Amino acid sequence: MTVGITAGQFHAADGVEDWRCLYHVVSAHFPTGSLARGIALVDEIGRLADEAQQQHLIIDLRATGVTVSLSLRDIPLARRISAAAKELDIPADPTAVQLINLTLDALAGADVLPFWRALLGYGQVGDDYLFDPSRRGPGFGLQPMDGARPQRNRLHVDVAVPHDQAEARVAAALAAGGHLVSDAHAPKWWVLADAEGNEACVATWVGRE
């Protein structure tokens, strides 16, 4: 098993064209058109995961498709899942994956994180990030502030999208009435806001290595 690889190295590998890196995971979406076809694909993914002794994948089965998430190091399993989907004549849609986090600006993160952990029933990673143990809800992170910032929302949405879809997502949000707050860190992230100034970020893996 390959360990310690970067998102760029993952995307440079052969046979992973169906997959997109979103922060700490890679995801692929396979539109099935029916629950029966989705179950057939999930059965095959389960068999492959058992063979690879992989217990840390996430599978989301819906009537319309299957979304699979793996760690960056799982290139061999990603290849085999893509091959299995092709055998079942289920092409991937790389544009259909994303990862959403809620981010709270905090002056004293150690004081507020226990509240949010208890309220959400989440687990904790490090000093500034919470996660849904069931892997169904969005992540929740803290962003430190140097000082109070009145007249600015303290909670914003971070949307991680495929690196080759980010500019289109930003353009769509701007066309829908938003405005650009900052692109100083693009393509790592763009800061956007709605018509009332509520902010959100569109993020990719590019520039995080």
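User: Why is valine 181 called partly exposed?

Analyst: This is a predicted model, and in it valine 181 has a relative accessible area of 40%. Buried would need under 20% and exposed over 50%. A value of 40% sits in between, so valine 181 gets the label partly exposed.

User: Where does valine 181 sit, and what does it touch?

Analyst: Valine 181 is in strand β10, which covers residues 179–182. Leaving out residues up to four places away in sequence, valine 181 touches Val191, Leu192, Ala193 and Glu199. As for arginine 208, that residue is 27 places from valine 181 along the chain, and their C-alpha atoms are 21 Å apart.

User: What makes proline 187 partly exposed?

Analyst: Proline 187 comes out at 39% relative accessibility. Proline 187 belongs to the loop between β10 and β11 (189–193). With residues up to four places away set aside, Thr204 and Val206 are what proline 187 touches. Valine 202 is 15 residues from proline 187 in sequence, with 8.9 Å between the two C-alpha atoms.

User: What makes arginine 20 and aspartate 164 a salt bridge?

Analyst: Their side chains meet with N and O 2.9 Å apart. The limit is 4 Å from a Lys or Arg side-chain nitrogen to an Asp or Glu carboxyl oxygen, so 2.9 Å passes. Arginine 20 is in strand β1 (residues 20–22), while aspartate 164 is in the loop between β9 (155–160) and α5 (166–175), so this pair ties together parts 144 residues apart in sequence. Arginine 20 counts as buried at 11% relative accessibility, whereas aspartate 164, at 42%, is partly exposed.

User: How many salt bridges are there in the structure, and which others can you show me?

Analyst: There are 5. Among them is arginine 47 with glutamate 44, whose closest N and O atoms are 2.3 Å apart. That is within 4 Å, so the pair qualifies. Both residues lie in helix α2, 3 residues apart, which is about one turn of the helix. Arginine 47 is partly exposed at 37%, and glutamate 44 is partly exposed at 24%. Another salt bridge joins arginine 62 and aspartate 60, at 2.7 Å from N to O. Aspartate 60 is partly exposed, with a relative accessible area of 28%. There is a network too: salt bridges link Glu44, Arg47, Glu51 and Arg80.

User: Which residues touch the most other members of the largest nonpolar core?

Analyst: Phe10, Trp19, Phe30, Val68, Leu70 and Ile81 do, in a core of 28 residues. At least two core residues come from each of α1 (7–12), β2 (25–31), α2 (35–51), β4 (65–71) and α3 (75–87). The biggest supplier is α3, with 6 residues. In soluble globular proteins, nonpolar side chains tend to be buried together.

User: What does leucine 70 touch?

Analyst: Not counting residues up to four places away in sequence, leucine 70 touches Trp19, Val25, Val26, Leu57, Leu77, Ala78 and Ile81.

Conventions
Residues numbered from 1 in each chain as written. Predicted model: local features only at pLDDT ≥ 70, side-chain atom pairs only at ≥ 80, totals over all residues. Heavy atoms only, no water. Core = buried A, V, L, I, M, F, W, Y, C linked by side-chain atoms within 4.5 Å. Buried < 20%, exposed > 50% of the residue type's maximum accessible area, 1.4 Å probe, protein only. Helix = DSSP H or I, 4+ residues; strand = E, 2+ residues; numbered from the N terminus. Contact = heavy atoms within 4.5 Å.
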